[in-house]
Amino acid sequence: MYNEGTTFRFRKTNQHGQPLAGAEFVLVDSVRRKTHTAISDRNGEVIFRSLERGIYTLEEVVAPIGYALSEDIFIVDVRDPHDIYVNGARSETFRFPANTPKGSTNDLVFLKVNEAFMPIQGATFGLRDVNNIERYRATSGHNGVVKFENIAPGIYTLYEKTVPGGYIPSQINYRVTVNNTGQILVNNVPSYFFRYVINRRQRLY
């Protein structure tokens, strides 16, 4: 254990700034795949304790009753007990985006990053069905987020179509299964474990 006193906290609110209880979050270690969970209390406070040094992804996996699940993903960099960064800014300034009234489901969201875990904008991905027909397409935004919305139940192949100049295209494909319940699996594990697709920079000689 790096430091049993290392704590990361933030507040969960609705669009009016009112605290929301019952939102569940996960922090997934990018190397060891260890998962930490925390649930917002009646004051909306979310607390992760006993974090080791490393880089994690933060995601909401259960929304408060009556609210839509957040589609935001954040990179949390734990450097020291009092030195934690979220998307490159100190954690003291972090505010998790507010929840809005309940909306659609069956969304697959992940991050496109380089080997330094910095976001890559403009990478395009596709989802092919079992007949090898592309059914969905999504492109990473300025924050590196790639989002496929309202995916119909079925089995798909996720692949990278294009990548911005200066990066080596990924040759890895992923099996995506969308169940009738809305659960999404990537390579047979829950999609919240699937946080990154990483591209390496091309070497210049």
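This is a predicted model: local features need pLDDT of at least 70, side-chain atom pairs count only at pLDDT 80 or more; totals for chains, interfaces and linings use all residues.

User: What makes phenylalanine 74 and phenylalanine 94 an aromatic pair, and is the geometry stacked or edge-to-face?

Analyst: Ring centres must lie within 6.5 Å, and planes over 60 degrees apart count as edge-to-face. Here the centres are 4.9 Å apart and the planes stand at 75°, so the rings form an edge-to-face pair. The structure holds 15 aromatic pairs.

User: Which parts of the chain does the pair of phenylalanine 74 and phenylalanine 94 tie together?

Analyst: Phenylalanine 74 belongs to strand 6 (residues 73-80), and phenylalanine 94 to the loop between strand 8 (89-90) and strand 9 (108-114). The pair therefore links parts that are 20 residues apart in sequence. Both rings are also members of one aromatic cluster, which includes Phe8, Phe10, Phe25, Phe48 and Phe96.

User: How do you know that the charge of arginine 79 sits over the ring of tyrosine 85?

Analyst: The distance limit is 6 Å from the ring centre, and the charge must also lie within 35 degrees of the ring normal. The charged end of arginine 79 is 3.9 Å from the centre of the tyrosine 85 ring and is assigned as sitting over it. Arginine 128 likewise lies over the face of tyrosine 159, at 4.1 Å from the ring centre.

User: What makes strand 6 a partner of strand 5 and of strand 7?

Analyst: Pairing requires at least two bridges. Strand 5 (residues 54-62) and strand 6 run antiparallel and share six bridges, so they pair. Threonine 57, for example, has isoleucine 75 as its bridge partner in strand 6. Strand 6 and strand 7 (residues 83-86) have four bridges, also antiparallel, so they meet the criterion as well. One of these bridges joins valine 76 to valine 86, and a hairpin connects the two strands through two residues.

User: Why is strand 6 described as mostly covered?

Analyst: Six of the eight residues of strand 6 are buried.

User: Which strands stand at the edges of the sheet, and why?

Analyst: The open sheet has six strands in the order 3-2-5-6-7-8, with antiparallel pairing. Strand 3 (35-39) and strand 8 each have a single partner strand, so one side of each is left without a neighbour in the sheet.

Conventions
Residues are numbered from 1 along each chain as its sequence is written. Side-chain values use heavy atoms; hydrogens and water are left out. Rings of Phe, Tyr and Trp (its six-membered ring) pair if their centres lie within 6.5 Å; planes under 30 degrees apart count as stacked, over 60 as edge-to-face and the rest as tilted. Buried means under 20% relative accessible area, exposed over 50%, partly exposed in between (1.4 Å probe, protein chains only).
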